[in-house]
Amino acid sequence: MLLGVLRDGLVTQLSHAGYLGEELAKAQTALQFGLRYDQDRPLRPRESPATATTLPQAIGSEKQSTSPPQAPPKRSFVEVSTLKQLESIAPNTDVDLFLSVTDLPREHALGGIFVEPDMTGASRVLRGTSQRIEIEWTAESRLVMGGTEDLVVGAILRVLGKFDENNLVYAEQIIVLTQVEKLT
């Protein structure tokens, strides 16, 4: 959406385009993970989870009724990992972390540095650390805001998956943030 706005010249100030890009990315992430979105605020869990509704079955119907298709299960909310938390995470634990890709060690693997978000100011800032992380992904890993062509050196990613020993994460979902985030 933002690229279309820029292409058509609907935004004249690039600072406005950057702001729109950041807010659109946050809104999309909130929709995908069931988080609460408020403009100019960090994403956070919803106060009360949405309750599932079911359709009542027809009484006395001779036709066999089928239940409505079920949506895929929503991933439970996992707090974004800090470097301190990462050092004490047990294997096979769900993690949500940021990564700046520095190398591609093997096929379907990304190497890089752990990036820690700092949300103490008016907007989020990403700061690189010296902690190395590797991500393994498969064809079943969900890519958001990009595709496999965006999994390159220099990419900034948000990764949700299972943490394994040796700082390896098996990615279930990768959000490509290269166009909307900067590393400081």
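This is a predicted model: local features need pLDDT of at least 70, side-chain atom pairs count only at pLDDT 80 or more; totals for chains, interfaces and linings use all residues.
Local features were required to have pLDDT of at least 70 and side-chain atom pairs pLDDT 80 or more, whereas totals for chains, interfaces and linings use all residues. Residues are numbered from 1 along each chain as its sequence is written, and side-chain values use heavy atoms, with hydrogens and water left out.

Glutamate 23 is buried, at 7% relative accessibility (buried being under 20% relative accessible area, exposed over 50% and partly exposed in between, with a 1.4 Å probe and protein chains only). Its side chain is joined to that of tyrosine 37 by a polar contact of 2.5 Å (a pair of N or O atoms within 3.5 Å, of which, within protein, one must be able to donate a hydrogen and the other to accept it, residues adjacent in sequence counting only if both atoms are side-chain atoms).

Nine salt bridges were found in the whole structure (a side-chain nitrogen of Lys or Arg within 4 Å of a carboxyl oxygen of Asp or Glu). Aspartate 103 pairs in this way with arginine 132, with closest N and O atoms 2.8 Å apart, and glutamate 134 with arginine 106, at 2.9 Å. Glutamate 134 is buried, at 18%, whereas arginine 106 is partly exposed, at 37%. Salt bridges with shared partners join Asp103, Arg106, Arg132, Glu134 and Glu136 into one network.
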